[in-house]
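Colleague: I would like to go through this structure feature by feature. Please give the general idea each time, and then the case at hand.

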Amino acid sequence: MKIEPTRSDLVEKISNILSGKEQRIDVAEWAVNIFDDDSFKINDLVVVNYIQLLGAVDLPSTDREYLYTDDDLKGWITEIKNH
């Protein structure tokens, strides 16, 4: 049985992107693999929502490097902690 990712796991992954400890592409791959893995039964809807967002964290934008900016990521941390 696989361990369901927690809000703390998400905050850690986002923080790692912001600090440069992890690359966006690696976190996106982690999130997509979790989301696509049917053996995970995630009950926390906040976790489900942010797993989906993290799956797109490496997408480019037409007017900046990434679709989601560092400010977006900082906002996600605040939202995850406040839900």
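## Reading contacts, core and helix packing

Modeller: This is a predicted model.

Colleague: Which residues touch the most other members of the largest nonpolar core?

Modeller: In soluble globular proteins, nonpolar side chains tend to be buried together. Here the largest nonpolar core has 20 residues, and Leu 10, Ile 14, Leu 54, Val 57 and Trp 76 touch the most other members. Two or more residues come from each of α1, α2 (24–36), α3 (45–54) and α4. The biggest share is that of α3, which gives five residues.

Colleague: How do I read the packing of α1 and α4, and at what angle do their axes cross?

Modeller: Take the angle between the axes, then the class it falls in. Helix α1 covers residues 7–19 and helix α4 residues 70–82; their axes come within 10 Å and cross at roughly 160 degrees. Angles over 145 degrees count as roughly antiparallel, so α1 is roughly antiparallel to α4. The crossing of these two helices is left-handed.

Colleague: Which residues of α1 and α4 make the contact?

Modeller: From α1 they are Arg 7, Leu 10, Val 11, Ile 14, Ser 15, Ile 17 and Leu 18. From α4 they are Asp 70, Leu 73, Lys 74, Trp 76, Ile 77, Ile 80 and Lys 81. By class, this contact of α1 with α4 comprises nine nonpolar residues, one polar and four charged.

Colleague: What is the angle between α2 and α3?

Modeller: The axes of α2 and α3 cross at roughly 130 degrees and come within 8 Å. The two helices are therefore oblique to each other. The crossing of α2 and α3 is left-handed. On the α2 side, Val 27, Ala 28, Trp 30, Ala 31, Ile 34 and Phe 35 take part, meeting Val 48, Ile 51, Gln 52 and Leu 54 of α3. This contact of α2 with α3 has nine nonpolar residues and one polar, with no charged residues.

Colleague: Now single residues within that contact. Is Ile 34 buried or exposed?

Modeller: Read the relative accessible area against the cut-off: buried means under 20%. Ile 34, in helix α2, has a relative accessible area of 8% and is therefore buried. Beyond its neighbours within four places in sequence, Ile 34 is in contact with Pro 5, Phe 40, Ile 42 and Ile 51. Ile 34 and Lys 2 are 32 residues apart in sequence, with 9.9 Å between their C-alpha atoms.

Colleague: What is the relative accessible area of Val 48?

Modeller: Val 48, in helix α3, has a relative accessible area of 22% and is partly exposed. Leaving aside neighbours within four places in sequence, Val 48 is in contact with Phe 35 and Ile 42. The C-alpha atoms of Val 48 and Ala 31 are 9.8 Å apart, at a separation of 17 residues along the chain.

Colleague: One last residue. Where is Asn 16 found, and which residues does Asn 16 touch?

Modeller: Asn 16 is in helix α1. With a relative accessible area of 13%, Asn 16 is buried. Not counting residues up to four places away in sequence, Asn 16 touches Lys 21 and Glu 22.

Technical notes
Residues are numbered from 1 along each chain as its sequence is written. This is a predicted model: local features need pLDDT of at least 70, side-chain atom pairs count only at pLDDT 80 or more; totals for chains, interfaces and linings use all residues. Side-chain values use heavy atoms; hydrogens and water are left out. Axes are lines fitted to C-alpha atoms, for helices over the stretch in contact, and angles run from 0 to 180 degrees between N-to-C directions. Helices (H or I, at least four residues) and strands (E, at least two) are DSSP runs, numbered from the N terminus. Angles under 35 degrees count as roughly parallel, over 145 as roughly antiparallel, 65 to 115 as roughly perpendicular and the rest as oblique. A crossing is left-handed if the near helix is turned anticlockwise from the far one by less than a right angle, and right-handed if clockwise. Contact means heavy atoms within 4.5 Å. Ala, Val, Leu, Ile, Met, Phe, Trp, Tyr, Cys and Pro count as nonpolar, Asp, Glu, Lys and Arg as charged, and the others, Gly among them, as polar. Buried means under 20% relative accessible area, exposed over 50%, partly exposed in between (1.4 Å probe, protein chains only). A nonpolar core is a set of buried Ala, Val, Leu, Ile, Met, Phe, Trp, Tyr and Cys residues joined through side-chain atoms within 4.5 Å.
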